[in-house]
Structures are given as structure tokens and as C-alpha cells.
2 protein chains.
Amino acid sequence: MNVLLTAAYHGARYCGFQVQPNGPSVQAALQDAAQSLLGERPPITGCSRTDAGVHARGFRFTLPLPPDCRIPPARLPDALNAHLPPDIAILDAREVPDDFHPRYTPHTKEYRYRILARRAPDPFQTGLAWHYPRPLNAEKMQAAAREIVGRQDFRSFMAAGSKITDTVRTMTDCRVERQEDSLVLCITGDGFLYNMVRIIAGTLVSLSGEENPGPKMREIIAARDRRAAGPTAPPHGLYLWQVRYAALHEE
Amino acid sequence: MNVLLTAAYHGARYCGFQVQPNGPSVQAALQDAAQSLLGERPPITGCSRTDAGVHARGFRFTLPLPPDCRIPPARLPDALNAHLPPDIAILDAREVPDDFHPRYTPHTKEYRYRILARRAPDPFQTGLAWHYPRPLNAEKMQAAAREIVGRQDFRSFMAAGSKITDTVRTMTDCRVERQEDSLVLCITGDGFLYNMVRIIAGTLVSLSGEENPGPKMREIIAARDRRAAGPTAPPHGLYLWQVRYAALHEE
């Protein structure tokens, strides 16, 4: 039986989702927990790679259960959580077809990027938001964010050196919300280029002092050049928030 | 010049606010930062002791500045934050009379106690809420919480062994709020007995399955006996949320 699971994790301790030679990964921690529970080490396939330090509230991955496994999917979250460290939690599990692939099955992803927009640091958001102590104009950032929505070539927001050639993606939502002392970028799309959300976040911050942030953002998109956009925001403000599969009637 | 400061801190690393021989304290960390900034170690007086692991969003303390100090109070938060570890932040500073004492000047305190009330753990609330994975009835907890309001003898909610004899206090607010997956006890009063909020939180949880939680809470209060109340909830769900001084026109 193939099971699709939803996980939340605090990314600070990890070199990212994917197993890496140079440090602990979320994937390896999940495989360790699965091995403790099932007695064998099943392959785990994630919906995405996340970078070192990036967080997730709704990461999806598949876990094929051994044929003799008697644990019903609904019991898997509790059973795995008992073997996981406190910075990873399984929130949900459901059976999916054997050929379901969490990365290649079409889906939309929502990312959020959190900026602590106040002078003083917040001990409860250390490592959970980008602390930006200088003034930010949320309305101007929102005016620029709106221009991201649509089917467009996002080459300007792809990390230099990435080898992807088709850089057209569709963003169905992109907005900046104020939440208490924070500004949160919420962005939903059918796929994301390498570092795309962090570059968009850094660009929105750099456009916060701009006279005409909307037209300026359109120019940056049209440039199709990484050098036209702003800096890459740090990883610890980024959350993979939600992943939805139309084939599973999740949209 | 005497300055009253407001601090937030994540309590996990500390043995409490007050300097202790057996571990790092918030007070010592503040004195270290003040010494780095001012060149001498000023006495720091807190509004309260907090226990090991307890958090604060609005702790108040006084810092008498040396006579030759040229830093205006409004600049102190930034100046001290530059010397503080990331789990402590100064949020505000204001001049107060030399004889102002943050503990003996009459004030009200608001505490909050956070319970993560869902089956799965939350990696972003580890150490920041009491994870209670079994069902809780928020309405019954609220019915019991309401009985705490008023001027009453709260002896039943004082840790056994405390030597305080006057156990009458006035609570002006006590309620249980749902916030996403959490239940938050908000309680405001003119003074609190040792472990009082944690014992009230533990008692509210134990009354969640009770048929008549309001009358049961009245019985517990009337008993004036620690054994009548529920268990002491763990420290890491507790926050000293806000302290207000009428003499400073804060109420």
C-alpha cells in the first residue's frame, strides 16, 4: 500500500528535506522513524526539495508500506510521531494509488515568507522570520506582489546557475498580509524555480521604498535577468505551507 | 536616572528570572548586557520571579543608569538588544521616579497559559505550549474559568509549602480563548500566589470532562486546600503577558 503523508517541520537543524552527505536531513529522520516502526527502511519520496533552514507546515511525501504491514493509514501519524524528534510531526495520512508520485503528479504549492517588521527582535520568532528592523511600506509591497500573479516567465527570480530552461510558471495568488508585527508574503503557483520565493521576498522588500512599485515589478519581470531583481531573502523566513493535488480532489 | 524597561524572553534556557546559583538566569543575562553597554554592573530589579522554563512577553524591570550615562531612555532598547542573546529582547523603556519599585508599586499582571489541543504535536510550538493530545471541552473550561473572577481566597491554587499567609487576591479577568489549534487561558489580577496560574490551568483541564464545571470550580475554591485542585500544568505553557502600573497611568 502506498501512503501519502503530510508533515510539518522546523527546518533549523536540517540541511534540507533531501538526504545529503553533509548533514542531517528531514528525509533521513523520516526514514529512521519509519524503520523503527516498520522494521525495514522504506523509500520515502518528497514533493519537493527544501533548502537548509527552510520550514514546512504541509510538506507531502509518500511512504510505501511493506506488504505484511497491518497499520491502517489513519494510525500512521500517531505511530510515526512516537519515533520522530520534536521538530518534525506527521499531521495526516491517506492511501494513494501505487503509481502516485508526490512531485510529478500535478499540484499547486503555497509558500509563505514571514518578515518580522519591527525595530526590536522577537525571542519567539528567532529563526522563524526574517527580522527587518527598518520601516517597510506594506501597501507598496502589496502593489508589487500583485504583478506576480498570472502565467509569466519568472527567469528574473531564479537563482543564478540553475539549469532549468523552461522558466514559465503560473501564480494564482500573491499577496502581502499584515499579521501583528509581521508582514507575510503568501504565494501560490503550479511550480517554483530555484530560490524563487526568497528572491521575490527580497525584491518586495527592496521595492518598499519605491515610488511606483507596480510598474517597477513589471520591469523586473520583463528583464528575464536575475540581476534585475532584489537580493535573496534568508531561508529561515520561508515555509512550504500547503500542497494540493487536483487528482486527489484537493482543489 | 531610573528607567523602567519591558522585556520579552523565551524561558527555555533559563532557571527563571532571578539570579540563581544553579544555572543561567534572565536577570544575569540583562546585567551582562548592561555591563557591556555601561561599563559597570547596575542592579536590576524585576517585577516578579518567574520559574524555570516560563516565558515572558511583557516583563518589567528597573535599571538605574549611572550619573554620567548619556544614553536617552528611548535609545536603551536598541543599545541593550545589541548585547543580548536572541532569546531576550527589550521592547520599551521609560524614565520613572528614583523610588519606583516594579514589584511593590501596585500593578496588575496578565498571565497567559497556552495548551496545544490537538492530536499531533506542532514543531513550531515545541517548548511554547503544553501539548495535550486528548479531547478538551473549551466551553466547560470557560464555565469553570469564569468562577475565578472576583476577590477570593485562592489558597487551593497555591503550591504546597509556600509560606504566604494572606491568600486573598482579586482577579479581574479569567477566560479560555480558542486560537487555531490552541486553548489559551488569559488571567489578569492584582497578584498571584506561587504556581497559581499553572495550578488553575491544570485544574481547568481536569474539569474539561466534568458534568458541572462551574459548581465544581466553586467547590475547589471553597475548599482552601491545594489537594482539592488539579495538577500543576508544566512551566513551558506559561507567559507573563503584561504588567500595568496605575501610578504610571497605564490602566
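**Chatting through a two-chain model**

User: Where does a side-chain oxygen of A:Asn137 reach at the start of α3(A)?
Analyst: To within 3.0 Å of the backbone nitrogen of A:Glu139. Keep in mind that this is a predicted model.

User: Switching to chain B. Where is B:Ala56 found?
Analyst: In strand β3 of chain B, which runs over residues 55–64.

User: Is B:Ala56 buried or exposed?
Analyst: Buried, because its relative accessible area is 0%, and the cut-off for buried is under 20%.

User: So what does B:Ala56 touch?
Analyst: Leaving out residues up to four places away in sequence, B:Ala56 touches B:Ala7, B:Ala8, B:Tyr9 and B:Leu240, plus A:Phe124 from chain A.

User: How far apart are the C-alpha atoms of B:Ala56 and B:Pro66?
Analyst: They're separated by 27 Å, with the two residues 10 apart along the chain.

User: New topic: what rotation superposes chain A on chain B?
Analyst: One of 180°, with 0.0 Å of shift along its axis and an RMSD of 0.0 Å. That's the relation of a two-fold axis.

User: Which C-alpha in chain A is nearest the axis?
Analyst: That of A:Phe124, 4.9 Å from the axis. Both copies use the same surface, too: 100% of chain A's contact residues recur in chain B.

Terms used
Residues numbered from 1 in each chain as written. Chains lettered and ligands numbered in written order. Predicted model: local features only at pLDDT ≥ 70, side-chain atom pairs only at ≥ 80, totals over all residues. Heavy atoms only, no water. Helix = DSSP H or I, 4+ residues; strand = E, 2+ residues; numbered from the N terminus. Buried < 20%, exposed > 50% of the residue type's maximum accessible area, 1.4 Å probe, protein only. Contact = heavy atoms within 4.5 Å. Polar contact = N/O pair within 3.5 Å; in protein donor to acceptor, adjacent residues only side chain to side chain. Least-squares fit on C-alpha atoms with pLDDT ≥ 70 in both.
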